[in-house]
Amino acid sequence: CVTTVCTHTDRQATRVLVQGPMPRVLFVAAAVAAASVAAAPSTSALFGSAKTTRDLFAPATTGDLFPRSSTTSERDETGEPGESGESGESGESGVVGADVLDYDFRGRGDVGAISALFARVLAVGIDDVPFVFLIDASLVCSAKPDASRSDLCYELRTAPATSGKAIQVSATSGPDAAYGAAMYLRAYCNMSFSWDRAGGDNTNDGFATKVMAGEASWPALYNHDDGAGQWRLRDISYGFNVCTHSYSHVWYQFETAAEHFGQSWQGLLDWMALNGINLHLAYTGQEEVYRKVYNSFGVDDVTFRAWSNGPAHLTWSRGQSMHGVGGPLPQEFMTSQWHLQRQILERSRALGIVPILPAFQGNVPPAMADLFPGANITVQDAHWGGGSAAWLDSTDPLFQSIGDKFMSAIIADFGMDTDGDGVGDVTEHWYEADGLFTSGDPPWRRRMGEADEHAGEQAGAATDAEMDAAMDHESFIHARQAYLAMNSTDPEARWMVRCKLGRGTAFILIGLT
């Protein structure tokens, strides 16, 4: 599985952003080699520099998110431009860029949370962090490159002497500020930041501690770096997929690493901010929400827990036609994950990372077919073992009823509490509902068979894009109803769909564009 979608070029991640009046959909694809879409802008090129031949910082690794014009060893003014910055304009034809999404990432994040992040990473007190952070939604950095379609940027400057700090980081959001400070540490202090299981952070033998002891000092910015701006080429840097939350994240604790996994949620969120990720999938704790919702429709706890998979297999009971494997799911686990999700969301919001919450997608306990015999529910045999799967058609009124209740519960449990009553009032309006359906006919998707694949050729379609663009009215109607189950509760809902792009055996979404 692609653990972090749309960050590492060696995983050939491709993203296509499509938006229309109904519904608003963001496709994020773990691309296969035969992806039949125009190439999206390179995922290694999310930030562009105002400079042309002499860029701000060299990349820490070849899989870096941001284009730089020199290598790590070329810290003087003799470096030649690199290749990654040239990829931002590739494949523009046929691709609707992130700039058309009417969503503002600016102003998100808290300077205190960003400072605390660097105190953790550098293992120093917060007063010993070398940065002054300024988050300003209205910030306009120095000359914006033509390749950028974003209003997000950061600038590094020598900090005012009165601040007692070395570097001032001004940015439009928390992740931009964190990335900018991390780039200073990478380029000037020979540090690197990675997952614990991949070797962890390298802070140059405790360089910050040496500074505190008077044995070293924070390097000054070169003149050509002081005040130079870095702009995102596109607004979005996205993290994680649905599988990761069950295969790996389900074992994480918040502050301490789980045994044998060597990673905590706190460390993972820090890593995300340090690498500029500003949008992440927040799937933890949803089973407890579903339990309460299904209780209200007559499904008791015993039935629900038996229908859910065990922790390691939750991905497959969240919408992929496999249920009751490794279960029943303990109530204590559901409750603890619910509380953990609230911790995760509190920290991610403080860092300025926008969460994507789950939305109802139509998979229901088979007991619902008995409780609502008149509903359009298809009960299917288990795909890979376990109990039966059941799908509720999105055009059935019951779909809307469950969707409304689930959205209300998600907002109340995992939304932002704006009035201080302990109940969520509003979210960031991002939701995911897809599942990689592996059997039967789910509510709004169908599998492209060989006949479908050749239909476009017979109609005289000249390109893969034209073949895939044929409108399937039935799928469109189902997709619209599925979106209304989000939109009627949250009028600003954005529906994110993660799918595999390809032809023949891959699953294709029809009609949403």
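Modeller: Helices (H or I, at least four residues) and strands (E, at least two) are DSSP runs, numbered from the N terminus, and by that count the protein has 14 helices and 17 strands. This is a predicted model, in which local features need pLDDT of at least 70 and side-chain atom pairs count only at pLDDT 80 or more, while totals for chains, interfaces and linings use all residues. Residues are numbered from 1 along each chain as its sequence is written, and side-chain values use heavy atoms, with hydrogens and water left out.

Turning to the packed pair, helix H1 (residues 111-122) lies against helix H5 (residues 265-274) at an angle of about 110 degrees, and their axes are 11 Å apart; here axes are lines fitted to C-alpha atoms, for helices over the stretch in contact, and angles run from 0 to 180 degrees between N-to-C directions. H1 is therefore roughly perpendicular to H5, a term that covers 65 to 115 degrees, whereas angles under 35 count as roughly parallel, over 145 as roughly antiparallel and the rest as oblique.

On the H1 side, Leu117, Phe118, Arg120 and Val121 meet Gln266, Asp270, Ala273 and Leu274 of H5, where contact means heavy atoms within 4.5 Å. By class, this contact of H1 with H5 holds 5 nonpolar, 1 polar and 2 charged residues, given that Ala, Val, Leu, Ile, Met, Phe, Trp, Tyr, Cys and Pro count as nonpolar, Asp, Glu, Lys and Arg as charged, and the others, Gly among them, as polar.
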